[in-house]
Every structure is written in C-alpha cells, then in structure tokens.
Amino acid sequence: MIVVVTDSSARLPVELRDRWGIREVPLHILLDGADLRDGVDEIPDDIYKCHATTAAATPAELADAYQRALADSDGDGVVAVHLSSALSGTFGNAERTAADLDPAIRVVDSKSSAMGTGFIALAAARAAADGADLDTAANAAGAAVSRTHAFIVVHRLDNLRRSGRIGGPKAWLGTALSLKPLLRVDDGKLVLAQRVRTVKHATAAMLDQVCEVVGDCPAALAVHHVANPEGAHDVAAALAERLPACEAAFGKAIVNPLGPVLALHVGAGAVAVCLQLAEQGAD
C-alpha cells in the first residue's frame, strides 16, 4: 500500500498519524549552537522568545524516511506532502532527494502549513487506504491543495519581521507595530489579509473570513495556538456554534499547539485556523 510521509510542521496529532500510517520527518531549530529536531529533541516551551532560527529537513533525513517508506510499501510507492515551498526549503530538498532515489516517490507542495499540510497528507493517506495507486494518491493530495485554507492572528510583529516569512509588500510592517494583523496563506505565501487594531477584532475578522470560505460546504477544521490555549478553545467553540455542519461531517475541530518551528515565526499569543473544504460530491 502507498505510504505517506510529511514533516513536523504538519501538526498532525499522534493518533491520526498512527491511524493512517503517516510518517513524519523533523524540521530543525538552531539554538545556541545546538541543532534541535522538532518532535525528537527537547525544545524550550518558550522558544518563541529565543533568538533561534529554523532549518529545513535535511536531504539525509528525507532519504532515510523515503527509503523506509518505500520498503514498507512493498514497492507501491510514497507520497510526500511537505510545508509550502514559499515558507521552507524542505520541499526543495524533498524534490531533489526523491529525484535521486526512486521515481516511485511523488512530492507534493502543500502550499500551506500546520494542519493545512496535515489535511493534505490525510487526503493522500485516505486514498491509499482505499486502495489507490501511486498516481491516484498523489493526485488526491494535489487536488486537496486548492480546498485548503489557513488564517492566523498574531499579537506582535517582531517575530515576523525577524523571520522574513511574510510575502507581498512589507511597508506596513514598519509602520504601526500596535496592529494585530490577520494573515492568510495565499498560494503558499503568508500575506496580510486585514489590518486590525485589537486582538479581539482581529479574531472576529478571522472567524468571519473562515465562515465566508466555508459557506455551505462542510470543512475539516483545526485551530492552533502559540502559548494561548484559551484563545484557541474560544475560537474552536465559536466555529462549532457558527459552522455546525462542519462538526457533523468531520467531528470536532482539532485544537493543538502550532509547534516550536512555526511559533518562532509568529510569536506568543498567535491563534490560527486551518480548514479543508469537503470534496465536491463526497458523501
């Protein structure tokens, strides 16, 4: 059976990874001369306060994961779904590694992050569980990219300024540091969706935009946070109230931390929503 591989930015809960047999390759945090692997090594809970940097999954790590997955697939193949190529070098490393290893490895750019990537990996894994061949499973992941959306409210702009991960015009970053911007992932890039003066209003704007995207089409939902579990649970509760069809179709929203790698880029207090619209015609 096809095996799916992703990276630690996907924020897939362990129970989902185990259920669908999804493998994970760690991203890296470089702190005080130490190379820490996300999901493997102990990383400070307040890493977002540190002057650390992030690094992509290495070719060696990717090659090891892909080779193991190929062996376990009995030659059926591997679908690798990774963090947006506009946000990390992991996808580029993955493409080059796959090209050197075996044509039975297909690499998919999620053009997203966190559970945006996770939902796309799940689409490939579900196709594989249904008996899909390599092309069909890879196409299922590719088709899921356009149905996946992500939004995030950040409390401070300092981390984004340092990370350089924001796309598009940057003039607004140097003006009002008191702004609480609502950001979205657009074609893999993190861009400004709306300028808002308070966190409360930015969160309300995020909820409105999520509900507008979902409309009458049920969606799988995930809410992430950086050191802000209360804010994340409040957002999840509001989504459950406003979008009951999503819970009916997919269950309760996943709520979990954004993880240390992404936390470094967005800072404490951030709350994000990732969603994947149901496939048209799906039961």
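How many salt bridges are there between domain 1 and domain 2? Keep that in mind as you go. This is a predicted model.

**Stop 1: the two domains**

Select residues 3-146 and colour them; this is domain 1. Now give residues 148-277 another colour; this is domain 2. The C-alpha centres of the two domains lie 22 Å apart. Domain 1 puts 31 residues into the contact, and domain 2 puts in 33.

**Stop 2: the interface**

Look along the boundary of the two colours. Domain 1 and domain 2 bury about 2400 Å² between them. Of that area, 66% is on carbon and sulfur atoms. Polar contacts occur here too: 10 residue pairs across the interface, both residues at pLDDT 80 or more.

Next, pick out β3 (28-31), β5 (53-55), α4 and α5 (134-145). Each supplies at least two residues of the side of domain 1 that touches domain 2. Helix α4 gives the most to that side, with five residues.

Back to the opening question. The count between domain 1 and domain 2 is one salt bridge.

**Stop 3: the largest nonpolar core**

Select I29, V79 and I152. They belong to the largest nonpolar core, which has 73 residues, and they touch the most other members. Then select residues 115-129, which form helix α4. This helix gives the most to the core, with 10 residues. Where does the core lie relative to the domains? Both domain 1 and domain 2 give residues to it, so the core lies between them. In soluble globular proteins, nonpolar side chains tend to be buried together.

Zoom in on I29. Leaving out residues up to four places away in sequence, I29 touches several others, including L36, I43, I47, P260, V261 and L264.

**Stop 4: S110**

Move to the loop between β7 (105-109) and α4, and select S110. Is S110 buried or exposed? With a relative accessible area of 1%, S110 is buried.

Which residues touch S110? Beyond its neighbours within four places in sequence, the contacts are V81, H82, L83, S84, T117, I120 and V145.

Terms used
Residues numbered from 1 in each chain as written. Predicted model: local features only at pLDDT ≥ 70, side-chain atom pairs only at ≥ 80, totals over all residues. Heavy atoms only, no water. Core = buried A, V, L, I, M, F, W, Y, C linked by side-chain atoms within 4.5 Å. Buried < 20%, exposed > 50% of the residue type's maximum accessible area, 1.4 Å probe, protein only. Helix = DSSP H or I, 4+ residues; strand = E, 2+ residues; numbered from the N terminus. Domains from an automatic or database assignment. Contact = heavy atoms within 4.5 Å. Buried area = accessible area lost by both parts, 1.4 Å probe. Salt bridge = Lys/Arg side-chain N within 4 Å of Asp/Glu carboxyl O. Polar contact = N/O pair within 3.5 Å; in protein donor to acceptor, adjacent residues only side chain to side chain.
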